[in-house]
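Open the model in your viewer and keep the selection tool at hand. This tour goes from one selection to the next and says what is there.

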Amino acid sequence: MNPALTEWAAARRALAERSALGVVGIDRGRGVRFSGIVWDSETLVTAAERLHGADAVTVQTAHGAVPAEILACDLSVDVAILRAKTGAPGISAAKADSLASGDDVLIAGRGEFATSIVWSHLEQVGPAWRSRTGGELDRLIRLSPGLHPAIEGGGAFDLEGRLCAMAVRGPRHQTLGIPSETIERLVSTVLQHGHLPQPYLGVRLQPVQLDDALRQKLARNGSDAVIVVGVEPESPAASANLLLGDIIASIAGQPIENALDLKIALSRIPLGSSIGVQIYRAGARLDATVSVRERTDR
Amino acid sequence: MEMIVAASSAAIRRALVELTERANFDVLAVADDPATLTNLLERDRDAAVVTGGTLTLARPFLSGARSANAATVAVLSDRTDTEDRVNLSYGGLAVLRAVPPIDRFQAATIATHTGLSVWDPNLKSAEDPAGSNESPLSPRERTILELTGGGLATKAIARRLGISPNTVKFHLQAAFEKLGVTTRAEAVMAAIRRGELAV
């Protein structure tokens with residue numbers, strides 16, 4: 001027996017056991033199972049896309065099954081926040097700036113009968129990025145490709161047993177890590193408001209190309225812009241008298257080149273605040289002020 | 001059914017082979033230039049041809065297949081206009097928009113074998129300046145996507161609209177197909193990009 005190896009194996013097992021306490025299995029019914037993370041004793045997080053619009057699921061812990069209610073989903077970052085009394089203590093999050101490409105992690109999830117552990121590493125750790133669906137992620141984290149569907153929504157834990165990210169499947173068999181800071185931000189918003197407020201302007205947009213003359217007039221680098229093709233009645237945009245055919249040049253000082261830009265610029269604006277929108281209408285620049293609020297339920 | 005995959009680009013050939021195999025058709029051979037295709041078709045007169053990419057890339061293979069009277073499926077990613085349709089259509093040719101759903105690909109392939117002509121209504125149209133080739137979302141699909149984007153569960157959407165959860169799922173699936181996406185997040189973003197959902 002090699003004592004160094006024995007010690008190493010014991011340390012790995014201890015880490016796996018500790019990480020396993022921070023994850024649960026999620027059963028959506030009809031045999032669809034994936035994993036979730038115990039954020040605190042009453043809150044879970046999991047991969048939003050895997051819920052397929054379910055409003056309740058069953059959560060499997062080492063001590064049995066408990067029901068969970070879905071509080072909120074942010075599809076743009078693939079995070080769903082659930083309420084369930086698991087009785088587990090909850091994870092502690094790793095400091096984001098302590099992570100680096102190449103760090104060893106273990107991905108923990110839970111299947112129907114047992115914990116699932118996969119030893120892996122952080123293939124890439126990079127700066128903040130935005131998803132193709134308009135989500136803002138505080139950090140780029142890429143794990144080894146080919147995550148098993150049963151542990152999607154589980155946690156990637158560092159060697160101290162702290163949560164680095166939630167593991168989700170991205171396009172082309174990639175495995176993405178949703179950083180714990182991003183999850184933290186969403187959880188605290190949901191616990192404060194009871195849901196995830198979505199700032200809303202009330203415009204429908206289509207892309208347009210600006211010609212050189214217009215670009216110079218608007219002092220823009222690129223030729224991509226968006227034109228308003230619809231203003232929803234009684235929306236903030238309607239109150240601010242935005243019209244069909246207006247080009248939205250910038251919002252709160254952020255230049256807008258496409259609908260994704262607008263969605264992201266809006267998400268950074270606190271609800272209820274009034275912001276400046278620069279538009280281009282019938283050959284002239286115009287400044288409007290809109291008061292951003294949530295979409296009222298129809 | 002036995003198919004010959006014909007395309008000059010390796011990437012397109014790979015995609016077409018994958019599509020053909022997923023549709024449970026046998027890939028008999030792969031041709032990377034029109035001359036090879038002609039030779040293969042002389043040997044196997046019953047094989048159907050699948051080609052694709054842009055119309056320019058597919059054209060030489062299409063004319064090779066036509067002169068051999070082979071049933072042909074073209075999976076096109078670029079825009080086509082009415083003139084293309086008039087010039088291209090003949091019994092035994094199916095033109096589909098990339099990437100077609102498997103069932104549509106299967107149905108079109110079988111149709112070409114019986115000498116029918118197929119023209120996918122979802123093909124991007126050169127006449128449409130906005131580029132919204134795709135059929136527009138129905139008001140119901142739009143409302144459901146809007147609520148989905150707000151993070152609402154299927155049952156909650158169903159309750160709000162007074163319809164069954166299965167109907168909600170049906171509309172969502174129809175919207176996914178129109179938008180060419182597979183996830184809820186992509187559907188919401190694609191609808192915003194197309195100017196069909198408000199931000």
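Start by selecting strand E2 and strand E3 (residues 43-47) of chain A, which pair in the antiparallel sense over four bridges. Two strands count as paired if DSSP finds at least two bridges between them. Helices (H or I, at least four residues) and strands (E, at least two) are DSSP runs, numbered from the N terminus. The model is a predicted one, in which local features need pLDDT of at least 70 and side-chain atom pairs count only at pLDDT 80 or more, while totals for chains, interfaces and linings use all residues. Residues are numbered from 1 along each chain as its sequence is written, and chains are lettered from A and ligands numbered from 1 in the order in which they are written.

**Stop 1: the hairpins around E2(A)**

Stay on E2(A) and E3(A), which form a hairpin with two residues between them. Pick A:Gly36 and look across to A:Thr46 in E3(A), which stands opposite.

Which residue in E2(A) is the bridge partner of A:Asp27? Select A:Arg33 to see that partner. The hairpin of E1(A) and E2(A) also has two residues between the strands, and in this hairpin A:Arg30 takes a positive phi near 55°.

A residue is buried if 20 or more other C-beta atoms lie within 10 Å of its own, exposed if 12 or fewer, and partly exposed in between, with C-beta atoms placed from the backbone.

**Stop 2: the barrel of chain A**

Select E7, E8, E11, E14, E13 and E12 of chain A, in that order: these six strands make a closed barrel with antiparallel pairing. Neighbouring strands of this sheet are turned by 40° against each other on average, direction ignored. Axes are lines fitted to C-alpha atoms, for helices over the stretch in contact, and angles run from 0 to 180 degrees between N-to-C directions.

Zoom in on strand E12 (residues 155-157) and strand E13 (residues 163-169) of chain A, an antiparallel pair joined by three bridges. Opposite A:Gly155 you will find A:Met166 in E13(A).

Next show helix H2 (residues 180-193) of chain A, which packs on the sheet and touches E13(A) and strand E14 (175-179) of chain A. The direction of H2(A) makes about 50° with that of E14(A). Then show helix H1 (residues 3-20) of chain A, which lies across strand E7 (104-110), strand E8 (115-126) and E12 of chain A, at about 45° to E7(A). Two residues are in contact if their C-beta atoms, placed from the backbone, lie within 7 Å.

**Stop 3: chain B**

Switch to chain B, which has nine helices and six strands. Of its 199 residues, 42% count as buried. The mean pLDDT of chain B is 87, and 94% of its residues reach 70 or more; pLDDT is the predictor's confidence in each residue, from 0 to 100.

Select B:Arg97, which lies in strand E5 (residues 93-97) of chain B. Why does B:Arg97 count as partly exposed? Because 19 other C-beta atoms lie within 10 Å of B:Arg97. The C-alpha atoms of B:Arg97 and B:Asn122 are separated by 6.2 Å, although the two are 25 residues apart along the chain.

Move to helix H6 (residues 139-149) of chain B, whose buried residues include B:Ile144, B:Leu145 and B:Leu147. Among the elements that cover them are H7, H8 and H9 of chain B. After H6(B) comes B:Gly151, with a positive phi near 85°.

Two packed helices are described by the angle between their axes and the distance between the axes. The axes of helix H7 (residues 154-161) and helix H8 (residues 165-179) of chain B come within 8 Å and cross at roughly 105°. H7(B) and H8(B) are therefore roughly perpendicular to each other, a term for angles of 65 to 115 degrees.

**Stop 4: where the chains touch**

Finally, show both chains: the contact takes 20 residues from chain B and 30 residues from chain A. On the side of chain B, H9(B) (184-193) gives the largest share, seven residues. The predictor gives the complex an ipTM of 0.81 and a pTM of 0.68.

Technical notes:
Parallel < 35°, antiparallel > 145°, perpendicular 65-115°, else oblique.
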